[in-house]
Every structure is written in structure tokens, then in C-alpha cells.
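I am opening my notebook on this protein chain and writing down, entry by entry, what I looked up.

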Amino acid sequence: MRTKLLTLLFSIFSLALYAQQETETLPSKYLYADATVQISSDFVGSLSLGHSWGLGQKKKFVIGTGLRYSFFQGKDNKEFYSAPPEYYGKSDKQDTLTIASPSQSNIVLYISLSYRIKSKFEVGMNIDAVGYTFGADKDAVYTGNGSSQPTTASSGNASLLLIGANDTGMLSSEFYVQYHFNKKWSAKLGFAHTFTEFQTPTELQAGNKRFRGVSDGLVIGARYNIK
């Protein structure tokens, strides 16, 4: 993920070097629909309806928010790891939940920040903030303390951006470069980072029922400005 972010930052810097002064004042607000696909060993597809506001004299700084629906389909036998911060990333405390065909959805409120480089290019990011994750129960295998047992994995829980391992539920973030073909249509290319989370019905691991997976990949998308 670090290498991908460095590549994106280099692209942004390159665009900035070639940006020239222009007199055009950009729109002060946008209502838009957005569709994106994350390409990796897992699939994440998203549909968004958002509202953005341009700031500054030329309206080049853009902040926004909106609603996003996302669907996740993981690779076969994807592994999910103990999610709470006291367990996550700690090899001596981290157990595994393996799901044969994991999938889930969420509806979430996201926030965005971007900057228009000339009238055609825009660089930015967005991140899910608060919502709800849902989906059908899945057959799974829990592995911990050197043994395994069958169990069920469920998706019904809140999606909350609490920073790092404190996050809960399914959450996505995107870092992108966007090209505006005209006042209505644009396309974007970048990188996406997605947390997904499943729960076991009981504490098979002492003090924990939550297990997290990570999906990183290229993201492509299209946007239509409604007004």
C-alpha cells in the first residue's frame, strides 16, 4: 500500500509542476453520482451520491460528503484476523477466521477532500465515516490455539471510522487523480484501501468476536455532475 501511495503522490506532484495559472473560476458546488470498482484479488464495487463545495477565490479546494453503497466479494478462503486493537497485528494474540466465499455490503456517509489542478485535473481522497454493514451469514472455520472448528460468520454491525485498528465494520478510502472531460462527465484512477469485518456468534477467542480483512487495489471510476 505504501508503494502505491508514493506512486500516486508522485503523479500528483507531476501534475502540479505542469499546472499553469488560469483565470477560470470553477463552480461553487456540485451534486454528483459516482461509480467505482476496486481491482485486486477481492472485488469492491461502489455507487455514491455526493455533494461538494468549492472553496477559495477560484473554487479549487473542494470539500464534500455523501452516501455510498459498497459491495464486497472476497477471494475464496480469505482469512480474517482478530480485529480489536489489543489483538490486531499482534502475532501472539491474533487468531484467524477463514471464510470460503466472503461477501457483505454497507451503506455509509463519507467525507471527501480534493484540489482542482487547472480545470481538467483534480486530485483528492475520500473516506467512509459512519454507516452500517450487512450481509448473509457465511460458513467459516475459526483457528486459534493450534486447533480449528467450524462456525458462522455474520456481517450485521456498525461501520465507524475510529482510526486504524479501532475502526469497526466495512470501511473504504480512495486516493485518486480525476480527469474532467466536460462540465458533466469525469473519470478517476487511483488506489483504494478497504476494511471488511465479520463476527462469530460467540467468543471463540477469549474477549473477541470480531475479525477483520484488508483489501488494497487499483480503483477506477466515473462521475456524472447532476447539477
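Before my entries, I note one definition: two strands pair if DSSP finds at least two bridges between them. With that in mind, I looked up aspartate 34 and found that it stands opposite arginine 223 in E13. I also remind myself that the model is predicted, and that what I write here describes that model.

Entry on the whole chain. I looked up the elements and found one helix and 13 strands, which from the N terminus on run α-β-β-β-β-β-β-β-β-β-β-β-β-β. Of the 227 residues, 43% count as buried, and the accessible surface comes to about 11,400 Å², with 62% of it belonging to carbon and sulfur atoms. Among contacts with a separation of 6 or more, 66% are accounted for by residues 24 or more positions apart.

Entry on strand E1. I asked which strands pair with E1, residues 29–39, and in what sense. Strand E2, residues 43–55, pairs with E1 in the antiparallel sense over eleven bridges, and the two form a hairpin with three residues between them. Within this pairing, the bridge partner of tyrosine 32 is glycine 50 in E2. Strand E13, residues 210–225, also runs antiparallel to E1 and is joined to E1 by eight bridges; this is where aspartate 34 and arginine 223 stand opposite each other. I then looked at the two faces of E1: the covered face has Tyr30, Tyr32, Asp34, Thr36 and Gln38, while the uncovered face has Lys29, Leu31, Ala33, Ala35, Val37 and Ile39.

Entry on threonine 133. The side chain of threonine 133 reaches the backbone nitrogen of methionine 170 at 2.9 Å. Leaving aside neighbours within four places in sequence, the contacts of threonine 133 include Gln104, Ser155, Gly169 and Met170.

Phenylalanine 195 has its place in strand E12, residues 185–199, and counts as buried because its relative accessibility is 10%. Not counting residues up to four places away in sequence, phenylalanine 195 touches several residues, among them Tyr88, Gly169, Met170 and Gly164. The C-alpha atoms of phenylalanine 195 and glycine 164 are separated by 9.9 Å, although the two residues are 31 residues apart along the chain. Serine 173, in strand E11, residues 171–180, counts as buried as well, because its relative accessibility is 9%. Its contacts, leaving aside neighbours within four places in sequence, are Asn126, Ile127, Phe191, Ala192 and His193.

Entry on backbone angles. Most residues other than glycine have a negative phi, so I looked up where this chain departs from that. Lysine 59 has a positive phi of about 60° although it is not a glycine, and it lies in the loop between E2 and strand E3. Isoleucine 163 also has a positive phi, near 80°, and is found in the loop between strand E10 and E11. Lysine 59 counts as partly exposed because its relative accessibility is 24%, whereas isoleucine 163, at 62%, counts as exposed.

Definitions and conventions:
Residues numbered from 1 in each chain as written. Predicted model: local features only at pLDDT ≥ 70, side-chain atom pairs only at ≥ 80, totals over all residues. Heavy atoms only, no water. Helix = DSSP H or I, 4+ residues; strand = E, 2+ residues; numbered from the N terminus. Buried < 20%, exposed > 50% of the residue type's maximum accessible area, 1.4 Å probe, protein only. Contact = heavy atoms within 4.5 Å. Areas by Shrake-Rupley, 256 points an atom, 1.4 Å probe, with all protein chains shown as cover. Polar contact = N/O pair within 3.5 Å; in protein donor to acceptor, adjacent residues only side chain to side chain.
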